[in-house]
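I opened the model and noted what I looked up, entry by entry.

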Amino acid sequence: KGELRIQGLTFEDAGMYQCIAENAYGIIYANAELKIVASPPTFEQNPMKKKILAAKGGRVIIECKPKAAPKPKFSWSKGTELLVNGSRIRIWDDGSLEIINVTKLDEGRYTCFAENNRGKANSTGVLEMTEATRITLAPLNVDVTVGENATMQCIASHDPTLDLTFIWSLNGFVIDFEKEHEHYERNVMV
C-alpha cells in the first residue's frame with residue numbers, strides 16, 4: 001500500500017522521512033517530517049471551568065481536557081472523596097465526568113487528576129445546581145383558515161438567576177424573525 005508503520009515510537013524516530021515511488025518511466029519523491037511529542041499533563045491552555053451549572057434532575061458533563069502526551073489516565077474527586085463509576089456517575093475515556101439525575105447533594109468542588117509517564121496535574125471547578133427549565137404552557141395544535149393569522153403560545157418556568165431564550169422552529173428549521181418579519185412576529189410577555 002505504500003504505508004510505513006512505526007510502532008512504539010521513541011525520540012530517535014523523529015526526523016524527515018522520504019517516500020520514493022519509481023517505475024520504468026521515472027522516479028518521484030515526497031517528504032514529511034515526523035515530530036515526537038511527549039509532555040506531562042498541563043491545564044494551562046484549557047483549565048476546567050471554575051463554575052459549572054447543572055439543572056436539578058438533569059445531566060451534566062464536566063470536561064477535563066489537559067494537554068498531555070502520551071494520553072493520561074484520569075481520576076476525579078468531589079472534595080476529598082475519590083469518585084468511581086456507578087449508577088449516576090461515569091468517568092469517560094476522554095476524562096470527562098458525567099453525572100445524571102443531579103441533586104443538591106452533588107453541589108461542590110470537583111477536581112480532575114491527569115497522570116502519564118511524564119508527570120501529573122489537576123484542575124478544579126465548582127458545580128452548582130439550578131432549577132430545571134420546564135415548559136408550563138406548550139403550543140397547541142391549531143386549525144386556521146388560509147389567509148388568517150395564527151397565534152401560538154409557549155410559556156416556561158426557569159431558574160431566576162439565569163436568562164431564558166425562546167427559539168421557534170418550523171419543521172426542524174429555526175425561524176429567523178429578523179429575516180421573516182413580514183410573516184412571523186414574536187411577542188414576549190413578561
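**Entry 1: Thr130**

I started with Thr130, which sits in strand 12 (residues 119–130). Strands here are DSSP runs of E with at least two residues, helices are runs of H or I with at least four, and both are numbered from the N terminus. The model is predicted, so I kept to pLDDT of at least 70 for local features and 80 or more for side-chain atom pairs, while totals for chains, interfaces and linings use all residues. Residues are numbered from 1 along each chain as its sequence is written, and side-chain values use heavy atoms, with hydrogens and water left out.

Is Thr130 buried or exposed? Thr130 is buried, at a relative accessible area of 7%. My cut-offs are under 20% for buried, over 50% for exposed and partly exposed in between, with a 1.4 Å probe and protein chains only. I then listed its contacts (heavy atoms within 4.5 Å). Leaving out residues up to four places away in sequence, Thr130 touches Leu53, Ala54, Ala55, Lys56, Asp159 and Leu162.

**Entry 2: Domains**

I checked the division of the chain next. Domain 1 covers 40–130 and domain 2 covers 132–189. These bounds come from an automatic or database domain assignment. The C-alpha centres of the two domains are 36 Å apart.

I also looked at UniProt. Its unreviewed entry puts the feature "domain: Ig-like" at residues 41–128. Positions are in the numbering used here, feature names are shortened, and annotations may be inferred rather than shown by experiment. Residues 41–128 are 56% strand and 0% helix. The end C-alpha atoms of that stretch are 27 Å apart.

**Entry 3: Pockets**

I ran the pocket search on a 1 Å grid over the protein atoms alone; a pocket is an open set of points where a 1.4 Å probe fits, with protein on both sides within 12 Å along at least five of seven lines, and lining residues have an atom within 4 Å of a point. Points are joined across faces, edges and corners, and a volume is the space filled by probe spheres set on them.

The largest pocket holds about 1000 Å³. Which residues lie nearest its centre? They are Thr151, Met152, Trp168, Glu185 and Arg186, out of a lining of 27 residues. Strand 14 (155–157) and strand 15 (169–170) each give at least two residues to this lining. I count 14 nonpolar, nine polar and four charged residues there. Nonpolar means Ala, Val, Leu, Ile, Met, Phe, Trp, Tyr, Cys and Pro; charged means Asp, Glu, Lys and Arg; the others, Gly among them, are polar.

The second largest pocket holds about 180 Å³. Its lining includes Phe43, Met48, Ile61 and Cys64. That lining splits into seven nonpolar, one polar and three charged residues.

Most residues other than glycine have a negative phi, and most peptide bonds are trans. I searched for exceptions.

The peptide bond from Ala69 to Pro70 is cis, with omega near 0 degrees. Pro70 is in the loop between strand 6 (67–69) and strand 7 (73–78).

Asn101 is not a glycine, yet its phi is positive, about 50 degrees. Asn101 is in the loop between strand 10 (97–100) and strand 11 (108–116). It is partly exposed, at 45% relative accessible area.

Asn171 has a positive phi near 55 degrees. Asn171 lies in the loop between strand 15 and strand 16 (173–174), and it is exposed at 70%.
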